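Have a look at the sequence and the 3D view, then work through the points below.

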Amino acid sequence: MMEYRTLYPEISANFSRKIKVDNTHEIYYEESGNPEGVPVIFLHGGPGAGTSPASRRYFDPEFYRIIVFDQRGSGQSTPHACLENNDTWHIIEDIEKIREELNIDKWLVFGGSWGSTLSLCYAIKHPERVLGLVLRGIFLGRREDILWIYEKGGASNIFPAEFERYESIIPKEERHDMISAYYKRLTSEDYEIRKQAAVEWSMWEGSLVTLLPDPNLENSFGDVNFAISMATIECHFWMNNMFWDDDNFILNNCDIIKDIPTVIVHGRYDMDCRVVQAHLLHKKLNNSELNIVADAGHSSGEPGIIDGLVRATDKFKEILK
């Protein structure tokens with residue numbers, strides 16, 4: 001039996017900085033690995049989840065110049081959980097500002113979950129800047145993909161008890177539109193209302209992300225600071241349909257990126273982002289490899305997903321050297 005690849009060893013950042021991108025937002029970013037190596041940018045999920053030191057570890061630090069950043073309102077970027085000018089296209093502008101500040105011409109783009117959505121949008125807008133794509137847990141961001149997670153009739157059928165908890169803080173007369181009901185609470189002027197809604201939204205999503213229950217991971221979704229940024233920013237994006245005019249924006253624009261080398265890693269039993277999304281994307285791309293991991297869900301920390309992602313970045317070492 002083939003042995004799973006594991007994350008590269010822990011490394012420290014070479015440096016970290018904040019860049020003022022407009023009158024409101026300051027974006028945290030860092031570089032690790034080889035300063036002379038092939039650049040790769042890590043796009044985190046959420047939106048609103050932020051990064052961690054583990055984000056550096058999917059890449060060979062001797063080969064890659066690893067750029068990690070926290071998107072608007074997330075992680076160490078400020079102001080925390082801020083919704084002003086926080087949308088897909090402003091984040092793509094931030095990515096470009098970081099690229100220009102670091103004097104990078106082209107880079108490998110790596111993203112999972114919402115990070116896969118953002119990676120694809122960035123590639124569609126700036127295909128000339130993308131050496132390749134490594135994508136995990138594909139989220140196409142269509143209305144049906146959002147409703148599967150947050151409204152009754154999708155993932156609620158697989159996790160009914162957990163959905164009942166998520167639903168329980170919303171009055172029955174508002175449950176026909178859970179996203180709007182949560183948005184009202186997540187943007188309330190009452191901090192206690194915001195906090196309760198954020199934790200319940202986040203805990204619901206945390207219950208979906210692994211194939212087998214992982215209490216430690218699920219509990220981490222209940223961290224108030226994390227929950228407020230992720231729940232508030234996610235709900236803001238879902239209320240605004242990713243800030244797209246076309247619900248099927250990614251699949252309808254795949255012609256632009258169809259020849260970019262792409263590796264897709266997706267868990268067969270991903271209850272957060274259904275595997276059909278990876279299948280549909282793969283069919284649209286001429287130069288993509290689809291790795292459906294038989295014993296995994298959504299989380300980037302599951303052994304089979306780690307294995308697929310590390311093998312993907314190692315494969316690009318051969319392509320890009």
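A residue counts as buried under 20% relative accessible area, as exposed over 50%, and as partly exposed in between. Asparagine 241 has a relative accessible area of 32%, so this residue is partly exposed. Keep in mind that this is a predicted model.

**The largest pocket**

- The largest pocket has a volume of about 810 Å³.
- Its lining takes in 33 residues, and the ones nearest the centre are Ala49, Gly50, Arg136, Phe221 and Ser300.

**The cavity**

- Searching the whole structure turns up one cavity of 30 Å³ or more.
- The largest cavity holds about 60 Å³ of space.
- Among the residues lining the largest cavity are Gly46, Ser113, Trp114, Phe139, Glu205 and Asp272.
- Both α3 (143-150) and α8 provide at least two residues each to the lining of the largest cavity.
- By type, the lining of the largest cavity splits into six nonpolar residues, two polar and three charged.

**Salt bridges**

- Side chains of opposite charge can pair when their charged atoms come close.
- The count here is 24 salt bridges, taking a side-chain nitrogen of Lys or Arg within 4 Å of a carboxyl oxygen of Asp or Glu as the rule.
- One of them pairs aspartate 94 with arginine 72, with 2.7 Å between the closest N and O atoms. This pair ties together distant parts of the chain, 22 residues apart: aspartate 94 sits in helix α1 (residues 88-101), while arginine 72 is in the loop between β4 (64-69) and α1.
- Are the two partners buried or exposed? Aspartate 94 has a relative accessible area of 1%, so it is buried, and arginine 72 is buried too, also with 1%.
- Another salt bridge joins arginine 185 and glutamate 174, whose closest N and O atoms are 2.9 Å apart. Here again the pair links distant parts of the chain, 11 residues apart, with arginine 185 in helix α5 (residues 178-186) and glutamate 174 in the loop between α4 (160-168) and α5. Both arginine 185 and glutamate 174 are buried.
- Arginine 142 and glutamate 144 also form a salt bridge, with the closest N and O atoms 3.6 Å apart. Arginine 142 is buried, at 8% relative accessible area, whereas glutamate 144 is partly exposed, at 43%.
- There's a network as well: salt bridges link Arg5, Asp60, Asp314 and Lys317.

- Glycine 46 and proline 47 are joined by a cis peptide bond, with omega about -5°. You'll find proline 47 in the loop between β3 and β4, and Gly46 has already come up in the lining of the largest cavity.
- A cis peptide bond also joins threonine 78 to proline 79, with omega about -5°. Proline 79 is placed in the loop between β4 and α1.
- Asparagine 103 isn't a glycine, yet its phi is positive, at about 55°. This asparagine lies in the loop between α1 and β5 and, at 70% relative accessibility, counts as exposed.
- Asparagine 241, the residue we started with, has a positive phi near 50° and isn't a glycine either. Its place is the loop between α8 and α9 (249-252).

- Which residues make a nonpolar surface patch of about 310 Å²? They are Leu211, Leu212 and Tyr269.
- Leucine 211 belongs to the loop between α6 (191-206) and α7 (215-220). With a relative accessible area of 35%, leucine 211 is partly exposed.
- Isoleucine 170 is in the loop between α4 and α5, and this residue is buried, with a relative accessible area of 1%.
- The C-alpha atoms of isoleucine 170 and glycine 45 are separated by 26 Å, and the two residues are 125 residues apart along the chain.

Definitions and conventions
Residues are numbered from 1 along each chain as its sequence is written. This is a predicted model: local features need pLDDT of at least 70, side-chain atom pairs count only at pLDDT 80 or more; totals for chains, interfaces and linings use all residues. Side-chain values use heavy atoms; hydrogens and water are left out. Patches are made of residues with over 30% relative accessible area and no salt bridge: like charges are joined within 9 Å, nonpolar side chains (Val, Leu, Ile, Met, Phe, Trp, Tyr) within 5 Å. Accessible areas come from the Shrake-Rupley method with a 1.4 Å probe; for residues, only the protein chains shown count as cover. Helices (H or I, at least four residues) and strands (E, at least two) are DSSP runs, numbered from the N terminus. Buried means under 20% relative accessible area, exposed over 50%, partly exposed in between (1.4 Å probe, protein chains only). On a 1 Å grid over the protein atoms alone, a cavity is a set of points where a 1.4 Å probe fits but cannot get out, and a pocket is an open set with protein on both sides within 12 Å along at least five of seven lines; lining residues have an atom within 4 Å of a point. Grid points are joined across faces, edges and corners, and a volume is the space filled by probe spheres set on the points. Ala, Val, Leu, Ile, Met, Phe, Trp, Tyr, Cys and Pro count as nonpolar, Asp, Glu, Lys and Arg as charged, and the others, Gly among them, as polar.
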